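Q: Please walk me through this one, starting with a single residue. I'll ask as we go.

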Amino acid sequence: MVEDEKHLADSLKRGLQEEGHVIEVAHDGEEAELQGLVNDYDMVILDWRLPNRDGKQILEKWRAKDRSFPVLMLTALGDLDHKIMGLDSGADDYMSKPFSFEELLARVRALGRRSTEIMNTETISAGPIELDSQKHWVKICGIKQNLRPKEFLFLELLLNNPETVFSKTQIAERVWGSAYYVSDNTIEATISTLRQKLADAMDECDEVILEDHTKAIETIRGAGYRLNSSLNQTEEK
């Protein structure tokens, strides 16, 4: 946990310890950045406004160095622009102060489940798509692709569950950590941009992967979304 308000940090530490968590606390941005680069954490709770280095800078440095542990930003900067910046910088979830400790615990549990999934997952693939959760990269036909954090998490979800149809509520819970504060429009926009990135990348492959590369992610009317089953058949061949 990275929090410069020592009274709040002490209170949260006690509460989380009572729930069975082992907590390490940093009060300084420079110290926090170093600890995140040398230690493997199950999860990080990260403030934005910190002495010596702000949370957004720290998070961007961690992600640039392939540090893939889940990060929950917990900050007084609660406006929409800061939420978007925090999530785009690599945060897996975002909570504004003041907050409910019970909600914090729920989000910690959700991110903890994802952390366990990551630790149990090696490189996964379907057809020309490869994804490494630990090193946080995606390749299509061997070429690395630049995905935004939520696009990466959604693609990871599909690759880990190739036969599963996910509803928007399930996607919100698994990718955003909550179904309460993410809109259908946001989910649809994320899926749309990921589809287009996958299509553009597969268009550059030496072989035709699908008749229509924009259908790498299928829409199942009235049910949700899944990975195109033809990609798995391509991999088996």
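**Notes on the model**

A: Arginine 174 is partly exposed, because its relative accessible area is 37%. The terms run like this: buried is under 20% relative accessible area, exposed is over 50%, and partly exposed lies in between, with a 1.4 Å probe and protein chains only. This is a predicted model, in which local features need pLDDT of at least 70 and side-chain atom pairs count only at pLDDT 80 or more, while totals for chains, interfaces and linings use all residues. Residues are numbered from 1 along each chain as its sequence is written, and side-chain values use heavy atoms, leaving out hydrogens and water.

Q: Where is arginine 174 found?

A: Arginine 174 belongs to helix α7. Helices (H or I, at least four residues) and strands (E, at least two) are DSSP runs, numbered from the N terminus. The C-alpha of arginine 174 is 7.9 Å from that of alanine 110, although the two are 64 residues apart along the chain.

Q: And which residues in α7 are buried?

A: In α7, which spans residues 168-176, the buried ones are Ile171, Ala172, Val175 and Trp176. Looking down the axis, these buried residues fall within an arc of 100 degrees, so they line one face of the helix. The arc is taken from the directions from the helix axis to the C-beta atoms.

Q: What covers the buried residues of α7?

A: The cover includes β3 (93-96), α6 (149-160), α8 (184-203) and β9 (224-227). Just after α7 comes glycine 177, with a positive phi of about 85 degrees.

Q: New topic. How many aromatic pairs does a search of the whole structure find?

A: The search finds two. Rings of Phe, Tyr and Trp (its six-membered ring) pair if their centres lie within 6.5 Å; planes under 30 degrees apart are stacked, over 60 edge-to-face, and the rest tilted.

Q: Pockets next. How much space lies in the largest pocket?

A: About 520 Å³. The lining has 23 residues, and Val22, Tyr41, Asp42, Met43 and Val44 lie nearest the centre. Elements giving two or more residues to that lining are α2, β1 and α5 (101-119).

Q: Which of the elements gives the most to the lining?

A: α5 does, with four residues.

Q: What is meant by a pocket?

A: On a 1 Å grid over the protein atoms alone, a pocket is an open set of points where a 1.4 Å probe fits, with protein on both sides within 12 Å along at least five of seven lines, and lining residues have an atom within 4 Å of a point. Grid points are joined across faces, edges and corners, and the volume is the space filled by probe spheres set on the points.

Q: Back to strands. Is threonine 75 buried or exposed?

A: Threonine 75 is buried, because its relative accessibility is 1%. Threonine 75 is in strand β2. Leaving out residues up to four places away in sequence, threonine 75 touches Asp47, Trp48, Tyr94, Met95, Ser96 and Lys97, where contact means heavy atoms within 4.5 Å.

Q: Where is the cis peptide bond?

A: The cis bond runs from lysine 97 to proline 98, with omega near -5 degrees. Proline 98 sits in the loop between β3 and α5.

Q: Which residue has a positive phi of about 75 degrees although it is not a glycine?

A: That is asparagine 52, in the loop between β1 and α3. Asparagine 52 counts as exposed, because its relative accessibility is 57%. Cysteine 141, another residue other than glycine, has a positive phi near 55 degrees. Cysteine 141 lies in the loop between β6 (137-140) and β7 (143-145) and is partly exposed, at 36%.
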